[in-house]
Structure formats: C-alpha cells, structure tokens
Amino acid sequence: LYEPGTGLFDAILKSVGLPEVPFLTSGPHAIVAIVVMTAWKDVGLPMLIFLGGLQAISPQVMEAAALDGASNWRIFRRITLPLLRPSIILAIFMVTVAAARLFTPIILLTQGGPNGQTTNLPFYSYAQAFDFSSPGTASASVMFMMLVLIGITVLQAYAIRDRKGWR
C-alpha cells in the first residue's frame, strides 16, 4: 500500500492527478502511515466492547425515558453514556495497552526512521538491546514504561470504581 511509486495509495493519487507522496520516507507522512495502519488493525476490539456494552442496556430504560419526554440527546447523555462507562473505560485501557506496545508497525514500515521520528519507547528498548548491545539501557527503558503503565492502570481503576454517574 505504501510502496513508493508502485503502492496502491500512490496509484490512487496518480489516477486523480496528484503527485506521489513519500509515505514512509518523510517524517510526518511516516507517522500518519503508522497511525492509519495501527488504527485499522486495532479498531475491532473496542468496537466489540462497545457493542457488548450497548447490548447490555435494557431497551425498556430507553423507552421509559422517551415516554417521559426526554430528547434523544438527553437519553444519550443521561442514560446511554453512564451505562456505557465501564465499557468506555475498558476500551480506553485496551487501546492504551495496545499503544504502549506498538512495535510491529514501526519495525515493519520504518525501522524507527526517518531520522528517528517514528521511534517510540518499545522500539527504542529493542534498538538499545539488539542494535547497540546495551541491555542495561534497554531494561531501564522497559522498567520506565512499566511504571507509566502501572500509573495509567491505577488511574483507570480509580475512574471505573463504582460511583454515581458522570456529572
């Protein structure tokens, strides 16, 4: 898809008269290419979580609110969103973990380049351990990432604890 000159995206651009784009050799374009690939790859699980959360909401609750004269926006804001709160927090947690371990698209598409613009902490740890033979730096960066993820997990556990709605 991203291959310069022969990839599908360049072919589409050529067919509408636009110039080729250096998707993987230009910093901003490479980041967008990784984001698009990752979003496409990782959108399924949050959608299943939201679908399960929506199916768990009783239709009688929605119908009762509509009969009481609540608008669609008010039903969404006061009923659907608070009942989806655990699903939203779980989806955010899953996406956070997936983002923290984002490694494969970077090594496949850009190997951390161009000029290190697509390097993240997992790729940096990998490069330190295997390219620069510095296991101490690699393990320190992994420990830092683990501490950050523990902090995020604690914050999300605090957010999901049982309390009355979002106000």
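Biologist: Which residues do ring pairs link into a cluster here?

Modeller: Ring pairs join Phe 103, Phe 123, Tyr 126 and Phe 130 into a cluster. Keep in mind that we're looking at a predicted model.

Biologist: How many aromatic pairs turn up in the whole structure?

Modeller: The search finds eight aromatic pairs. Let's read one of them, Tyr 2 with Phe 23. The idea is to look at the distance between ring centres and the angle between ring planes. The centres of Tyr 2 and Phe 23 are 5.5 Å apart and the planes sit at 50°, so this pair is tilted.

Biologist: Where do Tyr 2 and Phe 23 lie?

Modeller: Tyr 2 is in the segment before helix H1 (8–15), and Phe 23 is in the loop between H1 and H2, so the pair ties together parts that are 21 residues apart in sequence.

Biologist: Are Tyr 2 and Phe 23 buried or exposed?

Modeller: Both are buried. They also belong to the largest nonpolar core, which has eleven residues, including Leu 13, Val 21, Leu 102 and Phe 123. Helix H2 (27–42), helix H6 (104–109) and helix H7 (121–131) are the elements that give two or more residues to this core.

Biologist: Okay, on to charges. How many salt bridges does a search of the whole structure find?

Modeller: First, the general idea: side chains of opposite charge can pair when their charged atoms come close. In this structure the search finds two salt bridges. In one, the side chains of Lys 14 and Glu 20 meet at 3.1 Å, N to O. In the other, Lys 41 meets Asp 42 at 3.0 Å, N to O.

Biologist: Why does Asp 42 count as partly exposed?

Modeller: Partly exposed covers the range between buried, under 20%, and exposed, over 50%. Asp 42 has a relative accessible area of 25%, so it is partly exposed. Lys 41, with 48%, is partly exposed too.

Biologist: Now helix H8. Is Ser 141 buried or exposed?

Modeller: Ser 141, which is found in helix H8, counts as buried because its relative accessibility is 8%. Leaving out residues up to four places away in sequence, Ser 141 touches Leu 121, Tyr 124 and Ser 125.

Methods:
Residues are numbered from 1 along each chain as its sequence is written. This is a predicted model: local features need pLDDT of at least 70, side-chain atom pairs count only at pLDDT 80 or more; totals for chains, interfaces and linings use all residues. Side-chain values use heavy atoms; hydrogens and water are left out. A nonpolar core is a set of buried Ala, Val, Leu, Ile, Met, Phe, Trp, Tyr and Cys residues joined through side-chain atoms within 4.5 Å. Buried means under 20% relative accessible area, exposed over 50%, partly exposed in between (1.4 Å probe, protein chains only). Helices (H or I, at least four residues) and strands (E, at least two) are DSSP runs, numbered from the N terminus. Contact means heavy atoms within 4.5 Å. Rings of Phe, Tyr and Trp (its six-membered ring) pair if their centres lie within 6.5 Å; planes under 30 degrees apart count as stacked, over 60 as edge-to-face and the rest as tilted. A salt bridge is a side-chain nitrogen of Lys or Arg within 4 Å of a carboxyl oxygen of Asp or Glu.
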